[in-house]
Amino acid sequence: MSVLEGLGLPPLPEALPRRVIDNHTHLFSTADYSGLPVDDSLRLAAQVNVTRVIEVGCDVDDASSAVDLASRNPQVRAAVALHPNDAARRFAAGGEEALADDLAAIQDLVDRDEVVAVGETGLDYFRTPQGIGREIQERAFRAHIGWARSAGKTLMIHDRDAHDDVLRVLDDEPLPERVVMHCFSGDADVARQFVDRGCWLSFPGVVTFGSAGALREAALATPADRLLVETDAPYLTPKPRRGKANAPYLLPHTVTFLADLLGMDLAEFCDLTVANTFAAYGEWGTDA
């Protein structure tokens, strides 16, 4: 019995014709959520030509683990941040001192060579109600923007139900050279507004959902050189495996869907996403 069968997880999809990169995943959360070990997750992804990943840490412990994994695996790079929801929760639980301690710990990781991005940071109005929590999110967001700019790292943004305020903050702050909208969730008009500000837009498995017509319109409105693909595992599993736990090895479903949506040859689309990811984050790893 394979590790996937033993865990009740979806089987491997058909391997892509060229390498691709999962530019946003959570391998340790995937292990906790579905039982799929980190090493197995990377091995299975490589079997279907998902040869590199960016492991994203959303709190101090998670970010430290992401950096450690990247230090041991040349195919992995790390993104570090205090997620907007975690910033709000940390303040609610421990006040200014607890929040300051966590932000300082994240800042200490930013300059590590294994870190290619500061994120995911931003605003989340779905889980954080109006009030002080949103003020704390914005304060943390602005701090992360400053770290990314000072360190010359990519800014990776989480934007949930907060498009207007994310745009407002981006217009307020001096930005780093590279900005990625992780798990893009807006429509075509919102996509154009972020692209006009020089952002890359990263599309998750949600784009395959029947209800996601507006997101597909956004993908069609995104210039080819600004489009990225991600899993955000263990969440947002693409069709036809929706409802199961996600992992990087399932990225081919989203890649194949987007290539078809955009009317592109699959191999050419794979190459495009790799080139875009390297443009957004820099190159790492090998194909050996």
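A polar contact is a pair of N or O atoms within 3.5 Å; within protein, one atom must be able to donate a hydrogen and the other to accept it, and residues adjacent in sequence count only if both atoms are side-chain atoms. The model is predicted, so local features need pLDDT of at least 70 and side-chain atom pairs pLDDT 80 or more, while totals for chains, interfaces and linings use all residues. Residues are numbered from 1 along each chain as its sequence is written, and side-chain values use heavy atoms, with hydrogens and water left out.

Q: What makes Asp187 a cap of helix 8?
A: A side-chain oxygen of Asp187 lies 3.2 Å from the backbone nitrogen of Asp189, at the N-terminal end of helix 8. The limit for a polar contact is 3.5 Å, so this distance falls inside it. Helices here are DSSP runs (H or I, at least four residues; strands are E, at least two), numbered from the N terminus. After helix 8 comes Gly198, whose phi is positive, near 85°.

Q: Which residues of helix 8 are called buried?
A: They are Ala188, Val190, Ala191, Phe194 and Val195, in a helix that covers residues 188–196. Buried means under 20% relative accessible area, exposed means over 50%, and partly exposed is in between (1.4 Å probe, protein chains only).

Q: How do you know where on helix 8 its buried residues lie?
A: Seen down the helix axis, they fall within an arc of 155°, so they line one face of helix 8. The arc is that of the directions from the axis to the C-beta atoms. Their cover includes strand 5, helix 7 (163–172), strand 6 (179–181), strand 7 (200–203) and helix 9.

Q: Why is Cys183 called buried?
A: Its relative accessibility is 17%, and the limit is under 20%, so Cys183 counts as buried. Cys183 is in the loop between strand 6 and helix 8. Its phi is positive, about 45°, although it is not a glycine.

Q: Is Leu236 buried, partly exposed or exposed, and how do you know?
A: Leu236 has a relative accessible area of 28%, which lies between 20% and 50%, so it is partly exposed. Leu236 also has a positive phi, about 60°, without being a glycine. Its place is the loop between strand 8 and helix 10.

Q: Why is Thr237 called buried?
A: A relative accessible area of 4% is under the 20% limit, so Thr237 is buried. Thr237 is in the loop between strand 8 (227–229) and helix 10 (251–262).

Q: What lies 2.5 Å from a polar atom of the side chain of Thr237?
A: It is the backbone oxygen of Lys244. The backbone nitrogen of Asn246 lies 3.1 Å from a polar atom of that side chain. Leaving aside neighbours within four places in sequence, Thr237 is in contact (heavy atoms within 4.5 Å) with residues including Phe209, Arg242 and Leu250.

Q: What is the peptide bond from Ala233 to Pro234, cis or trans?
A: That bond is cis, with omega near 15°. Pro234 is in the loop between strand 8 and helix 10. Lys239 and Pro240 are also joined by a cis peptide bond, with omega about 10°.

Q: How much space lies in the largest pocket?
A: About 910 Å³. Of its 33 lining residues, the closest to the centre are Asp124, His158, Arg160, Asp232 and Leu236. On a 1 Å grid over the protein atoms alone, a pocket is an open set of points where a 1.4 Å probe fits, with protein on both sides within 12 Å along at least five of seven lines; lining residues have an atom within 4 Å of a point.

Key:
Points joined across faces, edges and corners; volume = space filled by probe spheres on them.
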